[in-house]
Amino acid sequence: MVKLEDVAAKILVALATLFTLFPLYWLIITSFKTRLEVIGGIYFLPKSINLYNYYRPLFEDVYGAYLRNSFILSSLEILICLPPAILAAYAFSRLKFKADNHFLFWFLTNRMAPPAAFLIPYWTMYTFLGLFDTIQGLLIINSIGNLPFAIWVLKGFIDAVPRDVEEAAYIDGYTFWQMLRRILLPMLKPAIAVSALFVFIFTWNEMLFASLLTTSPAAMPLTGGLLHYVSQIWVNWSEIAALSLIAMVPVLAAIYFLQKHIATALTFGAVR
Amino acid sequence: MGRQVVNPWLLFAPAFILVGFNAFLPIFYAAYLATQKYTLGIPPQFIGYDNFFYLMFDPVFWDAALKGLAFAFTCVAIEIPLGLALALALYKETRLNRIIRTIISSPLLIPPLVVGSTWLLLVRPDIGPLPFFLRFLGINYDIGAYPLQAFFTTIIMDVWHWTPFVVLVLVAARASIPPEPYESAMVDGASSWHIFRYITLPGMKYGLLIAFLIRLLDAFKIFDEVWVLTAEGPGKATNYLSIYIVKTALSELKMGYCAAISLFFLYIVIILTFITLKLMMGRR
């Protein structure tokens, strides 16, 4: 028996999949077209696979440097955010201290605050502090959202670890730091990997500060460079498509692994 | 576990110092700037609360705030029902459903800037397929010229970008409803509408609430995609609050006034966040 609503559901899912894929498909084929093909009309397949759109920006222009900066920035961001986040997440999960819930709230409000609202003070402050146009500057500012994020996600995972495990370690005479290193961290490995990947991707994706607090190829990440390219008057759209795809690489590499955790990450652990 | 094995403040301090440096310093500095008449290049001058006074009667600011709200509510009004329908179609753990869920969640993690540039390729009047096809239908589609079209294009872009998030949250919510009520409803011969209305919907209330609040907040703060797609135009049609702040700083160079808007915007969002978290925690 075929029910009407099942058919409707299948059609809806098919349409949604097409709707999701079409812009990405268009992006991919545009990245292979020549400049004239793009301007010349609407073609659903490129005339040939033209990789020069990838080659020129990376190797004959400065976008290779931007890409390198993005990698350095996002990797270092993991190192800056995760150690403090693990400690704080443990404190929030296991220990009682004064106003702990208020602090937890406060961390999350920083994550939720609109980045644009912080732009002006940073813009003027960073010049004074000598952090303007440096990777260090971007590292610090990116931690405002990523550190609270990591705390919340890791807290959720630590909450799920049974306390008996720790108790047993203490009875065996472990100090806190020994317990952390030998018992808790190994158990949290998957959680740490997931938070690290998300921190990497969020930092990689960040555009506002990347484009306004850096100016030179020595510090500007790919998102900043790409924005400046798009804002130019006369642009090569196929190169923009190619660079957009390059900017999606970390996500495409991680999406299958992260798929189960996206809902948890984007709702701060409210949905598991 | 009554005993404290380690001083919690010690564990908490590094994170607090890093985030605190990031959060407090700029806010105090913004509070200082907001009391100044400061156009970049001209020395600042103390004017007290005049910036805030001006803000209260600035039609462009209120226009931006209302447009931002209109944008956020329209997005949510489309994304929640659509996401709910898709979640109910996709929640079963079959191989195909998992693959489709992975495919449709791909927009979630790509850089918002790339969402903007992807849509720019689709909708630009000179190179995009969308204006090309709409011309066949006799519709003149140009987001650089028609404010309403630009507004709705940003909404469709947001639907493309964020509906998968609603789907994922609601799939989790649907999967957490136990099967027993459905079994007894089947025995009683309840119609599928009644099952949806009296079992599924109440069971997913919490998931719907979270999806609603988080989407509303995020849509209200939108910047990257719209900045790339339309900036503020045409004719300030997509001048949402984040965009207005950046424009005030970059093109008008009014730092003092911009700081005042930033603080005001920050307060609105913090209040909304607080309500969101209270409701989310209340259920935990």
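This is a predicted model: local features need pLDDT of at least 70, side-chain atom pairs count only at pLDDT 80 or more; totals for chains, interfaces and linings use all residues.
1. Ala9(A), Leu12(A), Val13(A) and Ala16(A), which belong to H1(A), meet Ala85(B), Leu86(B), Ala89(B) and Leu90(B) of H3(B). Sorted by class, the contact of H1(A) with H3(B) has eight nonpolar residues, no polar ones and no charged ones.

2. The crossing of H1(A) past H3(B) is left-handed.

3. The helix pair can be set against the contact of chain A with chain B. That contact takes 78 residues from chain A and 77 residues from chain B. On the side of chain A that touches chain B, helix H1 of chain A (residues 4-32) gives the most, with 13 residues. By class, this side of chain A has 63 nonpolar, twelve polar and three charged residues.

4. Next, chain A itself. Its secondary structure comes to 13 helices and zero strands. The C-alpha trace of chain A spans about 75 × 70 × 30 Å along its principal axes. Chain A has 272 residues, of which 45% count as buried. Among contacts in chain A between residues at least 6 apart in sequence, 74% join residues at least 24 apart.

5. Chain A is divided into domain 1, residues 1-50, and domain 2, residues 58-266. Taken over C-alpha atoms, the centres of domain 1 and domain 2 of chain A are separated by 32 Å. The contact between these domains takes eight residues from domain 1 of chain A and seven residues from domain 2 of chain A.

6. Which helices of chain A each supply at least two residues of the side of domain 1 that touches domain 2? They are H1 and helix H2 (35-40) of chain A. The largest share of this side, four residues, comes from H1(A). The residues of the side of domain 1 of chain A that touches domain 2 of chain A divide into three nonpolar, three polar and two charged.

Conventions: Residues are numbered from 1 along each chain as its sequence is written. Chains are lettered from A and ligands numbered from 1 in the order in which they are written. Two residues are in contact if their C-beta atoms, placed from the backbone, lie within 7 Å. Ala, Val, Leu, Ile, Met, Phe, Trp, Tyr, Cys and Pro count as nonpolar, Asp, Glu, Lys and Arg as charged, and the others, Gly among them, as polar. A crossing is left-handed if the near helix is turned anticlockwise from the far one by less than a right angle, and right-handed if clockwise. Domain bounds come from an automatic or database domain assignment. A residue is buried if 20 or more other C-beta atoms lie within 10 Å of its own, exposed if 12 or fewer, and partly exposed in between; C-beta atoms are placed from the backbone.
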